[in-house]
Structure formats: C-alpha cells, structure tokens
Amino acid sequence: MEKKLFTISVFTENQVGLLNRISIIFTRRGLNLESVSSSASSVHGIHKMNFTCNSDRETMEKVIKQIERCIDVLKAFLYTDDEIVYQEVALYKVPTQKLLDEKDFERIIRVHNARILELTREYTILEKTGHESDTQALYDLLAQYGILQFIRSGRICITKSPTEHFTRYLEEQEARGEALRKPVSE
C-alpha cells in the first residue's frame, strides 16, 4: 500500500496523560510521529491535538478508531494535505555579525518572508512561517552563516470544509440526545 503523510486531528478534554496514551497507539503499530501540536480549540473547554504520520490509509483509519476509544477523546479525524490548510513556525538564531557581513541579508529576509524577532550584538532571531519545505529552505540558506539554535513547531491546521467537522459532530450528538430524551408515544 502507498504510504503518504496524514494529519490526524484529535478533539479532547485536556487531561493529564492523554498524549502518552495516544502516542502509545502509534508506537504499538511501529509508526513514527513526524510532528505533534496541541492547543485550545474553537470550542470552549476542548483541546485539539494535531499529529502527522507517514503511513497508508487503512492503517491510519485503524489508528483513528483506536484513538477514539481513549476515554478523554471526543472525536478524531483523518486528513490528507489537500483537505486542510496547514502551517508550521520555525525560529532560527544566527550570529549577527555574520548576517551583517552578508551583502544580501536584506534580500534573504524578504525572499523568505522571514521576520526579525530579536537583534542583539551576539545573535539575531528570525521567524519563518510556512510549510516544512519553506522553513527547511531558509534553514539550508542560513546554515552557511552558522545556526546557533533552531526549532520548528508541529503542524497546525484548519480544514477546508465550510464547517468544522467537530462542530458538526457535536450537533449530531446533541440531536441524538434530544431524540433519546423525547417520550415514547404510546
């Protein structure tokens, strides 16, 4: 089966140990997580975790089912890159003097749409938002000046769907609950 990069979005209650329980699901299947990110979602009190993993669809669908069996998981969704809008953020710390000595320093910043976050005599911190290939391209260019520190975030994403899939899921659950609460006609 063809392996490709999938993004898994998991909507959860914010509970201690849940990330560990989810990561074990990947470990047991011998799957390596490429990136992980987590934050509050658009629904009050609900957090969204994003995972990326290279695998085949059949395996990833099984992983989704296992994730959804975790007590604190409300719903999990599987996406391919064409179904979402996604970004990563990268930070680069480089020696200031080497950058200032570079005659094309300004052009490098502009071409890569990078931002200077901090500038000191010793170092400059740059920020780049984009896809992994974008942040890697700037890394490769800055490597010649000596990168002192580097970090790239996990993927964050939003679906291209007009409505949030999780919101639709909650509405369906609410409708089922209302149907169950209605008295049975005799």
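1. The model is a predicted one, in which local features need pLDDT of at least 70 and side-chain atom pairs count only at pLDDT 80 or more, while totals for chains, interfaces and linings use all residues. Residues are numbered from 1 along each chain as its sequence is written, and side-chain values use heavy atoms, with hydrogens and water left out.

2. The chain has six helices and nine strands (DSSP runs, H or I of at least four residues for helices and E of at least two for strands, numbered from the N terminus). Its C-alpha trace spans about 85 × 35 × 30 Å along the principal axes.

3. The structure holds 10 salt bridges, each being a side-chain nitrogen of Lys or Arg within 4 Å of a carboxyl oxygen of Asp or Glu. One of them joins the side chains of Glu-58 and Lys-62 at 3.5 Å, N to O, and these residues, four apart in helix H2 (residues 57-68), are separated by about one helical turn.

4. Arg-152 forms a salt bridge with Glu-88, the closest N and O atoms being 3.7 Å apart. Since Arg-152 lies in strand S8 (residues 149-152) and Glu-88 in strand S5 (residues 84-95), the pair ties together parts that are 64 residues apart in sequence. Glu-88 is buried, with a relative accessible area of 7%, whereas Arg-152 is partly exposed at 25% (buried means under 20%, exposed over 50%, partly exposed in between, with a 1.4 Å probe and protein chains only).
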